[in-house]
Amino acid sequence: MSLRRFFFGSVRRQLVFGVAAVHAVMMSLFVWDLATRQREFLLLRQTEQAETLTQTLAVSAVSGLLTHDVAGMQELVNAQDDYPGIVFVMLLDAEGRVMAHNQPGRVGLYVDDVQTLVAAPTEAGTVLLSKNQALVDVAMPVKANGRGIGWARVGLGQGETAARLHAVTQDGLVYTGVAILIGALLASWMGRRLTARLYAIRRVSAAVSDGRLARRAPLMGDDEVGQLGLDFNRMLDDLTRHELELTRFKSALDEHAIVSIADAAGNIVYANDKLVSISGYSREELLGVNHRLLNSGTHPPGFFQGMWHTIARGNTWHGEICNRAKAGHLYWVLSTIVPFKGSDGRPEQYIAIRADISARMAAEQALYAEKELAQVTLASIGDAVVTTDADGRVTFFNPVAERLTGWSNAAASGRMVGEVLHLVHEDTGDMVANPVDQCRKHGVAVNLAQHTVLLKQGGGELAIEDSAAPIRGKDGRLTGVVMVFRDVSDQRAMAHEMAWQLSHDSLTGLTNRREFERRLQALLACPGPGVRHALLFLDLDQFKIVNDTCGHLAGDELLKRLSVLLQGLVRGEDVLARLGGDEFGVLLENCPLEQARVIAEKLRQHVRDFEFLWQDKRFEVGVSIGIAPIDAATSSIAEVTAAADMACYAAKEHGRNRIHVHAIEDLDMERRHKELHVAGGIRAALEENRFTLFGQEIRAIGSQGGAVEHYEVLLRLRGENGLLQSPALFIPAAERYGLMGEVDRWVVSNTFDFLARQPHLHLAINLSGLSLQDEAFAGFVTRELVRNRIDASHVCFEITETAAITHLGLAVGFIRDLKTWGFRFSLDDFGSGMSSFTYLKNLPVDYLKIDGAFVRDIVSDPIDRAFVETINRIGQVMGMKTIAEFVESEEILHELERIGVDYAQGFGIAKPVPLEEIAV
Amino acid sequence: MNPQRRLLLRSGLLPVAWLAGCGREEAARGPQYLTQSPLAGQGVVRFGVHPLHNPQKLHQVFDPLMVYLNRFITDVRFELEASNNYAHFEAKLQAREMEFSLPNPYQTLIAQDWGYRVIAKLADDNDFRGLIFIRRDSRIRQPLDLKGRTVCYPAPTALAATMLPRHFLATHGLDLRHDVRERYVGSMESSLMNVVRGQVAAAGAWPPPWRQFQRAHPVEAAQIMPIWQTEALPSLAVMARLDAPEARTAAVLRALEQLHVAREGRGVFAGMGMEGNHFRAAGNADYAPVRAFLDKYTRLMGGA
């Protein structure tokens with residue numbers, strides 16, 4: 001080590017040693033090369049001489065060897081013995097026996113290496129057995145006639161030449177030594193001269209290290225060392241400037257950031273004012289202390305382990321740290337810790353630069369709390385909520401949205417909303433505009449189009465109602481859209497059913513009167529020249545017999561079967577409707593009268609052939625059919641309906657089970673006849689007081705109700721023959737000819753009169769649509785109330801849903817008016833003709849009477865049960881009491897009880913009885 | 001000197017010291033010597049041939065015979081033994097250095113006394129006779145014309161080329177001691193060249209070297225001709241040392257009898273100038289005529 005320092009510790013010594021070493025090596029190589037070349041040259045000459053001698057001897061020894069002339073051969077050998085450097089000369093025979101030798105004692109002996117001679121190739125002439133300075137041993141075969149008969153062999157040493165060569169080498173060594181000495185001296189002198197200036201630079205360097213930055217090296221000429229001095233001075237200038245810049249950077253950094261420096265163990269070795277200020281510790285308290293001093297204890301242990309893991313490997317760490325000030329409060333800093341490695345490759349120093357982010361963290365936490373609240377809220381609400389960004393990419397699905405769409409929040413996030421919400425029209429299956437896109441486009445809240453269906457991820461569809469509203473940032477720019485939707489499959493299905501009910505007869509499934517008239521009206525609205533249609537009115541014969549002998553169930557069953565039969569007989573585009581009771585209508589479009597007659601005949605024939613079996617009884621029914629043509633001259637529904645009605649009446653009059661085609665001329669006659677007949681009949685009944693009132697009990701289900709007795713007042717007409725007639729026989733006529741108002745007044749007067757006598761009863765009175773239109777009717781009622789001094793709350797007016805909706809405005813006014821007097825209202829036949837629950841909200845009624853068509857099959861038909869359940873629930877939600885009609889058995893009653901319907905009415909509860917019989 | 005400087009100097013001189021260490025000599029190592037051949041080789045059987053050519057030519061001609069024998073007999077290795085001259089060859093014969101030898105007929109006789117016996121000889125003796133050459137333009141027609149002239153021969157002991165011609169001349173009226181000057185010129189070729197160049201009037205030789213000379217020097221050969229030929233004697237023999245194993249001797253004999261049909265045979269016989277000849281089995285007795293001639297020659301020549 002000291003030797004190494006000796007040679008390489010000083011440029012001057014390196015120079016001296018270098019030059020001396022180069023001299024020594026070069027000169028030594030030169031002398032060595034010279035000696036080698038000389039030796040090689042001498043050896044070459046020695047070999048040539050030995051070969052020449054051998055050749056000479058071999059040529060002259062042929063005869064001697066052939067004749068074994070020993071003396072002659074010895075003479076030849078002796079002649080060569082005087083040659084300078086001769087070691088040996090000999091002649092050998094083919095067996096290697098010495099025939100002659102310069103040392104006579106050897107003659108007769110054998111040479112040991114004769115095999116070498118025998119084996120040696122002889123084409124080259126001589127065989128070189130040994131070649132070095134001490135001995136060149138050459139042999140040559142002696143040949144006679146191409147055959148070897150022996151060898152001539154000469155050994156030749158170097159003699160004096162070796163000594164001469166040695167002397168030359170010695171001289172060379174002396175010269176080498178002298179050259180090395182001169183070279184070393186010269187190098188020493190040059191070294192001193194060169195390094196003197198280097199030492200000057202070194203002294204300046206030492207001064208700068210001591211802080212004397214202004215010191216500069218003296219100018220020292222134009223050579224490399226002089227240039228080095230200049231470069232060194234320039235470097236010092238740069239250094240001074242950089243130091244200044246660094247100082248400025250540092251002061252700027254200290255102004256902005258919290259800076260500290262720690263050693264490898266994490267002990268603070270530098271802390272700037274900011275750190276002192278934010279931590280509350282003095283600089284003296286911080287220096288030499290581990291950074292853990294500032295640990296707030298709020299981070300999990302793994303947090304700092306991860307940080308140390310990063311920086312101990314030499315990587316920069318970024319992160320947010322919560323520290324604790326001396327005073328105990330916490331503060332947040334955004335930290336960057338940069339490790340600096342020492343020469344051993346391990347970090348020896350860490351510089352931490354921090355920014356105070358306490359305010360931001362507080363804001364973030366507040367924001368987080370807000371967001372958490374919002375998300376919990378969204379997760380809790382029953383509707384699906386989807387939010388997107390301004391580009392329409394999903395940012396959030398609440399749990400309901402996840403359930404309805406089949407997409408998880410994670411899977412949907414980031415996708416375009418159109419990718420995850422496939423909305424189509426429920427009827428056409430066409431894609432509908434996504435409300436999110438519309439909302440983004442127009443910037444306003446958008447409601448979903450009606451009839452929208454959501455295609456679920458993984459199959460299935462869902463009817464939904466939804467809306468989308470824009471989310472705007474502080475600056476008013478759109479930052480996203482929130483879409484809310486809910487599953488309305490049940491409501492939608494119900495609405496469909498309702499719509500169907502509105503236009504169909506619930507018993508037979510045929511088109512109902514309302515729809516039939518609508519179709520007829522539509523046909524009349526677009527008359528065409530030459531286009532002819534026909535209207536058939538069908539009235540069953542002997543239906544009443546079935547109804548009276550076997551009850552409603554049998555009558556209903558007959559009607560259902562006949563409906564199926566008739567539907568199979570009319571053309572596909574023809575409209576077959578049940579107009580009420582046992583009346584049917586057929587609208588034959590584009591059908592001339594003759595063809596209509598054929599169709600009617602077919603219908604009549606099939607009904608005639610039809611046999612109805614009921615509990616071992618066999619019935620045959622017939623049908624009377626009236627035909628009225630419809631052409632361009634037909635002006636109104638009333639006209640054509642009356643024509644068909646009259647034709648039907650005529651058919652009956654003419655003996656039943658036949659067809660009658662209406663003729664213009666008998667229209668007037670029939671109309672008159674009928675008007676007179678029906679109107680006269682009703683008027684006569686009113687005058688003769690042949691109307692009578694019945695009551696049917698409405699019983700509270702379950703425990704409620706108590707002793708209160710409810711009855712629905714029913715109207716019966718006692719015919720001239722003394723038999724009671726069903727209202728179905730006279731009320732349609734009374735309605736058609738405007739007599740219902742009078743009938744209603746009669747009913748009200750007589751009921752109030754009865755109630756005055758039996759004030760504990762609660763009675764329900766049916767009102768026709770006509771009375772609702774009669775603005776004087778409400779006044780009549782109140783007058784009757786006052787006159788009879790009854791409790792208005794014991795009177796409930798039943799209005800059919802159809803009547804109420806048809807004259808909604810009047811109906812609402814009428815109801816509100818009379819409700820102020822204390823009257824109750826009931827919406828009758830609810831469900832049969834209703835298109836929407838919406839109307840219900842506008843009708844301030846107290847009772848909801850569920851259409852008996854639903855109630856009747858409630859035990860066996862789950863759909864009917866669902867209807868009843870739904871209507872009941874809606875009614876009760878809206879604060880109404882519900883009443884089920886057509887309760888014909890105990891099972892139905894129990895079912896209604898389970899559903900929670902409030903009241904029940906029907907044959908299963910009580911049959912209608914004359915009102916006077918109740919008053920006991 | 002303070003310790004820092006001393007350290008510096010030492011550091012600087014370190015490379016020099018290191019360099020000095022590099023020049024150290026390496027140890028010299030020559031061959032080591034043993035008393036036995038490290039080659040576990042076969043036994044060597046020396047086969048000497050009389051120096052009818054110089055050693056390298058002789059090696060060229062007879063080395064194929066060694067190859068042939070080595071192919072035939074595999075338990076030992078036959079090696080040709082050449083000699084610089086007849087004296088050298090005879091000295092080695094007398095020292096019994098060679099197990100088999102192919103001497104000339106004269107040496108065949110003396111080798112019998114040195115422990116060798118004849119095992120085979122060239123079948124055709126017709127070539128083994130002396131020839132006396134003169135230049136074609138010479139006016140010599142009979143031996144007496146050589147009076148006062150010079151005659152040359154290869155060597156005194158050359159039976160066919162020297163002894164037989166000298167015997168011929170002596171028996172045809174010439175007193176060799178007085179009538180002619182005789183000169184020994186060392187070899188057959190040398191003998192013939194002396195005639196060609198006219199340095200001698202006549203020269204002794206024998207048919208194989210003559211045929212080779214005609215091939216080798218056609219121009220010179222055309223200038224001379226054989227004028228007389230002598231009687232023939234038994235041709236060259238192959239001898240075995242008496243202590244040679246009987247089996248190996250028998251094997252060598254069988255091999256020699258087959259040589260003329262072997263692929264090496266043609267070259268060997270041509271090299272000897274004996275084309276068309278072959279070996280057959282023989283014994284010492286086959287060379288009795290040579291002994292008889294030599295007795296006659298010795299008596300005739302006396303001190304000559």
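The structure is a predicted model, in which local features need pLDDT of at least 70, side-chain atom pairs count only at pLDDT 80 or more, and totals for chains, interfaces and linings use all residues. Residues are numbered from 1 along each chain as its sequence is written, and chains are lettered from A and ligands numbered from 1 in the order in which they are written.

**Chain A**

Chain A holds 32 helices and 36 strands; helices (H or I, at least four residues) and strands (E, at least two) are DSSP runs, numbered from the N terminus. Of its 920 residues, 33% are buried, meaning that 20 or more other C-beta atoms, placed from the backbone, lie within 10 Å of the residue's own. Among contacts in chain A with a separation of 6 or more, 58% are between residues 24 or more positions apart; a contact means that the two C-beta atoms, placed from the backbone, lie within 7 Å.

Strand E34 (residues 881-884) of chain A is covered on both faces. A:Lys881 and A:Ile883 are buried on one side, and A:Thr882 and A:Ala884 are buried on the other. In a regular strand the side chains alternate between the two faces of the sheet.

| Strand paired with E34(A) | Direction | Bridges | Opposite residues |
|---|---|---|---|
| E33(A), residues 847-850 | parallel | four | A:Leu848 and A:Thr882 |
| E35(A), residues 903-904 | parallel | two | A:Ile883 and A:Tyr903 |

**Chain B**

In chain B, five strands form an open sheet of mixed pairing, ordered E8-E7-E9-E6-E10. Its edge strands are E8 (181-184) and E10 (224-232), each pairing on one side only. Neighbouring strands of this sheet are turned by 25° against each other on average, direction ignored. Strand E7 (residues 150-153) of chain B runs parallel to E8(B), with four bridges between them, and B:Tyr153 has B:Tyr184 as its bridge partner there.

Two helices of chain B lie across E6, E7, E9 and E10 of this chain: H5 (residues 159-170) and H6 (residues 188-196). Helix H5(B) runs at about 80° to E6(B), and H6(B) at about 160° to E9(B). These angles run from 0 to 180 degrees between N-to-C directions, with axes fitted to C-alpha atoms, for helices over the stretch in contact.

Technical notes: A residue is buried if 20 or more other C-beta atoms lie within 10 Å of its own, exposed if 12 or fewer, and partly exposed in between; C-beta atoms are placed from the backbone. Two strands pair if DSSP finds at least two bridges between them.
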